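Visitor: I'd like to learn how to read a protein model. Could you walk me through one?

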Amino acid sequence: MIWLVLLPWLALTAHTAVNAARLRRLPPTAMTAERVAILLPLRDEAARVTPCLEALLGQRGVPELTILVLDDGSTDGTAEVVRAIAGDKVTLLPGEPLPDGWLGKPHACAQLAAAAGNPDVLVFIDADVVLEPGAVAAAVTLLRATGVTLLSPYPRITGAGRLIQPLLQWSWLTFLPLRAMERSPRPSLAAAGGQWLVADRAGYQTAGGHAVVKNDVLEDIGLARAIKRSGGRIALADGSGQARCQMYDDRRELVEGYTKSLWASFGSASGATAVVVLLLMLYGIPPLVALLTLGTGLGPVTAVAATAYALGVGGRVIAGRATGGRVWPDALAHPLSIMVFARLVIRSFRRRRQGRVTWRGRSL
């Protein structure tokens, strides 16, 4: 009977393990004859672009490689930093004024894709991502081996946010059917991480490129859905061995970043409420119940709650090991991570309702 009660936790932890085993991984070394364009949009990234750009200049295994960088109205000297590091080894483009109805990143990516000419593959990269020397060749090789239109390799996440950042990978490893997502043509069954995207150029253009997600806060997921609607396929991959991403340097940046995007992750406030309540019931409440019932004579209740907590921690451990994340002691704080996430969701919807969502000086 106890195991029947624990069935949801057992099923989710088992699903995490199955996904982790099935997760595609970039090859450690590769060579490609594809013509590749790396596209790097920048806005006020002078303080962090150097490691990213140096890593791009050091890519190996791609003989026909071009790097295009777009300075999207930076006011901190980003363009000067790029010129000092790369000189004429990259093409540095000035960003055009932001048109009505567009958000900044989709507009920057659309400009870069238009300026890239006719390569075989487009590689979109964020300034906070640092690639290993063979990362681009490995990602392009896996793109072609899987036959997908869009490959999303998840980098290893570093920097601030040890409580909340690991939930990114844990969430899709736990709740997303990876192989079904890859096979299904349904746009609603799509996931992608915009830090690093690798796209077949022809398929990207058939889907409409970033113009079809011009006002999407989560343009990465929007692009994945557009590719599915156009008949293309997508896949996720573990890129933690080939890339690292320091998304946020401190707590303030992390809170603002999640406030910007979490509201857009759910179809509605009611949908967000349902997800948050479910997560709290599954992972937030069990350790509290175990503590409150300890030594009260409610032994079976304590055992069920403690086992549910242990299974939640187990899922985090599996996800962390599968994606290069930090495991101990962070996984033990999984219930606290869920509670912090719930608070950030509430903050994001409140700011959205108040019209106070901004990013990099632009209103969203």
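This is a predicted model: local features need pLDDT of at least 70, side-chain atom pairs count only at pLDDT 80 or more; totals for chains, interfaces and linings use all residues.

Visitor: Which residues touch the most other members of the largest nonpolar core?

Guide: In soluble globular proteins, nonpolar side chains tend to be buried together. A nonpolar core is a set of buried Ala, Val, Leu, Ile, Met, Phe, Trp, Tyr and Cys residues joined through side-chain atoms within 4.5 Å; buried means under 20% relative accessible area, exposed over 50%, partly exposed in between (1.4 Å probe, protein chains only). Here the largest one has 106 residues, and Leu-40, Leu-151 and Trp-196 touch the most other members.

Visitor: How do helix 11 and helix 14 cross?

Guide: Two packed helices are described by the angle between their axes and the distance between the axes. Axes are lines fitted to C-alpha atoms, for helices over the stretch in contact (heavy atoms within 4.5 Å), with angles from 0 to 180 degrees between N-to-C directions. Helices are DSSP runs (H or I, at least four residues), and strands are too (E, at least two), numbered from the N terminus. Helix 11 (residues 251-261) and helix 14 (residues 334-354) have axes that come within 8 Å and cross at roughly 60°.

Visitor: And the backbone?

Guide: Most residues other than glycine have a negative phi, and most peptide bonds are trans. Asp-44 has a positive phi, near 55°, and lies in the loop between strand 2 (36-42) and helix 3 (49-57). Asp-44 is partly exposed, at 26% relative accessible area. The peptide bond from Trp-328 to Pro-329 is cis, with omega near 0°, and Pro-329 is in the loop between helix 13 (299-322) and helix 14.

Conventions
Residues are numbered from 1 along each chain as its sequence is written. Side-chain values use heavy atoms; hydrogens and water are left out.
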